[in-house]
Amino acid sequence: MSAKLLLIASLASAASFGAQQKASNTPIVVRASKLFDPTSGRLLDSPVVLISGNHIEAVGSRDLATPANARMIDLGSATLLPGLIDVHTHLTFDAGGGGYESLGISTPRAALTGAKNARLTLLAGFTTVRNVGAEGYADVALRDAIDAGDVIGPRMQVSGPPLGITGGHCDSNLLPPQFHYSAEGAADGVEAVMHKVREVVKYGADVIKFCASGGVYPRLEQYSPAEMQALITEAHRLGRKVATHAHSTVAIKDAVRAGVDSIEHGIFLDDEGIQLMKEHNTFLVPTSYPLFWFEEHAPQMHLPPWITEKAAIIIPAAKQNMTKAFHSGVRIALGTDAGVYPHGENGGEFWSMVTLGLTSAQALQAGTINAAELMGWSDRVGSIAKGKLADIVAVKGDPLSDVRMLQHVQFVMKDGVVYKDEITNQGNSLHSW
Ligand SMILES: [Zn+2]
């Protein structure tokens, strides 16, 4: 590591332990060579963005009038993008933390793991995330700590414990009956799922997550159509969107017919499922990067043979189905399943989606404007536009020619505060305090 990089690294880590991160009163002007406009899918030339407090005051080109006292951040040949959005994260746990050992992790420990991963995620360029599934409401605590400025991280929507049938994917553990343990989100029957939706909303859920089908395999259906209907209707009545973990072909269709807002993973999505999703305007959150990550890392993971055998069937099928979905025009929002692999590698999802058939512009739209729409936050995030929150990231070069650049985001601003700047290398521009 060069001395300069060391300096930046130490400044960045000092920043993460600082006091409240408040947007400065001094207006900021950010200039660069290009700006990715997710509405058109195109790059605009010579952008100038005026930031006031935590929001974007104006966006224009070189002739944009800017206040004389503004602080200038000139990012030279870089391309500006809206702060990236990941709608499927698991910040409160780490890769490899499953199995028996997970039984020893307390809720406070999970929240602290979340604080570490929130910082990694923000510095990777993801200024907004949706966290889908956390026991003990560790995600609610994390969201609130970030909002209060106690912890550095992305703006979050959280689900609390995911709902699922007794013994299903969201209630799987190794404990025998004498422990009398059920996951917090376990609920069976129409009345019980309605009650559980109200309960997680009471304790702070912004979004409802449920498991419509089993883990990756077998493709077991779990909630009945009547239960899904009740769960989703109640969530919508309380103003919450619903995301469902669904791999099974049947469960995907049942959930779409019941009005779910997004199908997460969707590995065994078929043609009829794609058609239904298009009719219902349902988003697919493909979480495709873990497929590639697993293939690359499985040999060093010393996994039992049944897992590698299962993966050999699932991964090719998943890739094929995702490619079909991408070409079908079904709406895509970017979600990474980070936590299944190490946090901070979220940007790899752009590359994997392009590898499976999206154009670079479509992948960038999935991780900006589409993700914002799925979260119901189109009015505040997803594009660099007047009135939106000042969430801006930058990469050196043209991300449309190579989306792998998104794996090395070099500038991160959230709410008008700069958290990372490896472009101007101005140490004092890292933070406003
Ligand atoms: Zn997940």
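Is His88 buried or exposed?

Reply: His88 counts as buried, with 0% relative accessibility (buried is under 20% relative accessible area, exposed over 50%, partly exposed in between, using a 1.4 Å probe and protein chains only). Before going on, some ground rules: this is a predicted model, where local features need pLDDT of at least 70 and side-chain atom pairs count only at pLDDT 80 or more, while totals for chains, interfaces and linings use all residues. Numbering starts from 1 along each chain as its sequence is written, and side-chain values use heavy atoms, with hydrogens and water left out.

Strand β7 (residues 78-82) runs antiparallel to β16 (residues 392-396), and 5 bridges join them; Leu80 has Ala394 as its bridge partner in β16. Strands are DSSP E runs of at least two residues, helices are H or I runs of at least four, and both are numbered from the N terminus. Two strands pair if DSSP finds at least two bridges between them.

Both strands belong to an open, mixed sheet of 6 strands, ordered β3-β2-β7-β16-β17-β18. At its edges stand β3 (42-45) and β18 (417-421), each with a single partner strand, so one side of each has no neighbour in the sheet. On average, neighbouring strands are turned by 25 degrees against each other, direction ignored (axes are lines fitted to C-alpha atoms, for helices over the stretch in contact, with angles from 0 to 180 degrees between N-to-C directions).

Pro82, within the β7 range, is one of the residues touched by Thr368, and others include Gly83, Leu84 and Ile85 (contact means heavy atoms within 4.5 Å, and residues up to four places away in sequence are not counted). Thr368 sits in the loop between α11 (360-366) and α12 (369-375), and is buried at 0% relative accessibility.
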